[in-house]
Every structure is written in C-alpha cells, then in structure tokens.
Amino acid sequence: MDWKSFVKLHVYNFKKKIIMENKKSISEMIKTKLINNTFFICECCFFRGSFITEKWDRNSDIDILVISSDFEGITYHKRKELTHYALEPINYIIDPICLSNKEYKKIYMERKNKYIREKLVKVI
C-alpha cells in the first residue's frame with residue numbers, strides 16, 4: 001500500500017468512527033427527549049432512511065417513525081409540529097413520520113402482506 005492510500009484509508013476510518021460516535025449520541029439524545037417529552041406519550045420510535053446506513057453524514061436529515069396513541073384525531077401537520085417541539089433544541093434536521101397505533105398496525109399489516117418492508121431500527 002502506498003502512502004496516499006494509507007493516509008486515505010486512515011482518514012476514512014477516522015471519519016467513520018466519528019460518524020458512528022455521533023450517531024450513537026444522537027440516538028440517545030432523541031430517545032431521551034421522546035421519552036421525557038410532555039406533548040405526547042411516545043410508545044415506539046424507529047430510525048429509518050440514511051441514518052441507519054453508512055450513507056448518513058452530519059449534513060443529512062434524520063428520518064424517524066414515531067408511534068403514539070395520542071396522535072389519534074390530530075392532523076398530520078400538528079403531529080409533526082409536536083414531535084419537533086418534543087425534540088427541541090436539536091442541531092439536526094429531523095424528518096418524522098408520526099402515526100397513531102391504529103395507523104401503524106394497519107400500514108404494517110398491509111406491508112407485511114405485500115412483502116414490502118422498509119428497514120427500521122427500533123429506538124424506543
């Protein structure tokens with residue numbers, strides 16, 4: 001291995017390590033904020049999208065799926081707003097999908113029956 005390749009590999013590994021440490025601290029922060037929020041009871045939360053892959057970097061948004069029975073009867077826009085309030089202050093762009101328990105079960109069963117599955121990583 002030549003010197004340039006050696007340096008490039010070490011820089012890549014260093015960046016990857018920092019990103020992994022960042023992702024872990026971001027995960028814990030989001031989990032804590034959702035568990036302790038006063039806007040709704042978060043029954044379940046999943047990370048989705050690039051955050052759970054190696055394609056995520058600190059400039060990417062963080063895609064989450066938040067499930068709460070408290071979302072029943074609340075507009076989708078208001079659910080997202082409540083989720084953003086629950087996560088403040090946070091220095092990342094959060095893109096939540098907010099579903100009630102009923103909606104999640106219905107969508108999950110439809111996807112399960114059609115063998116269409118998005119990769120999700122459970123946070124709560």
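A residue is called buried here when its relative accessible area is under 20%, exposed when over 50%, and partly exposed in between, with a 1.4 Å probe and protein chains only. The model is predicted, so to speak of local features a pLDDT of at least 70 is needed, side-chain atom pairs count only at pLDDT 80 or more, and totals for chains, interfaces and linings use all residues. Residues are numbered from 1 along each chain as its sequence is written, and side-chain values use heavy atoms, with hydrogens and water left out.

The protein has three helices and four strands, where helices (H or I, at least four residues) and strands (E, at least two) are DSSP runs numbered from the N terminus. Along the sequence these elements follow the pattern α-β-β-α-β-α-β. Of the 124 residues, 32% are buried. Contact is taken as heavy atoms within 4.5 Å; among contacts between residues at least 6 apart in sequence, 67% join residues at least 24 apart.

The strands form an open sheet in the order 3-2-1-4, with mixed pairing, two strands being paired if DSSP finds at least two bridges between them. Strand 3 and strand 4 (121-122) stand at the edges with a single partner strand each, so one side of each has no neighbour in the sheet. Strand 2 pairs with strand 1 in the antiparallel sense over five bridges, and C45 has V66 of strand 2 as its bridge partner. With strand 3, strand 2 pairs in the parallel sense over six bridges; here D63 stands opposite D95, and L65 opposite I97. From strand 2 the chain passes through helix 2 to strand 3 in a right-handed β-α-β crossover (with the strands pointing away from the viewer, the path from the first strand over the helix to the second runs clockwise). Helix 2 lies across both of these strands and runs at about 125° to strand 3, with axes fitted as lines to C-alpha atoms, for helices over the stretch in contact, and angles from 0 to 180 degrees between N-to-C directions.

In soluble globular proteins, nonpolar side chains tend to be buried together. A nonpolar core is defined as a set of buried Ala, Val, Leu, Ile, Met, Phe, Trp, Tyr and Cys residues joined through side-chain atoms within 4.5 Å. The largest such core holds 23 residues, and I30, L34 and I62 have the most contacts inside it. Helix 1, strand 1 (44-48), strand 2 (62-67), helix 2 (76-87) and strand 3 (94-99) each give two or more residues to this core. A second, separate core of six residues includes C44, L65, I67 and Y104. Beyond its neighbours within four places in sequence, I62 touches I26, I30, F47, F51, W56, Y92, I93, I94 and D95.

Helix 1 (residues 3-36) also carries K23, which is buried at a relative accessible area of 12%. A polar atom of the K23 side chain lies 2.7 Å from the backbone oxygen of F51. Not counting residues up to four places away in sequence, K23 touches F51, I52, T53 and W56. S27 belongs to helix 1 too and counts as buried at 19% relative accessibility.

Definitions and conventions. Polar contact = N/O pair within 3.5 Å; in protein donor to acceptor, adjacent residues only side chain to side chain.
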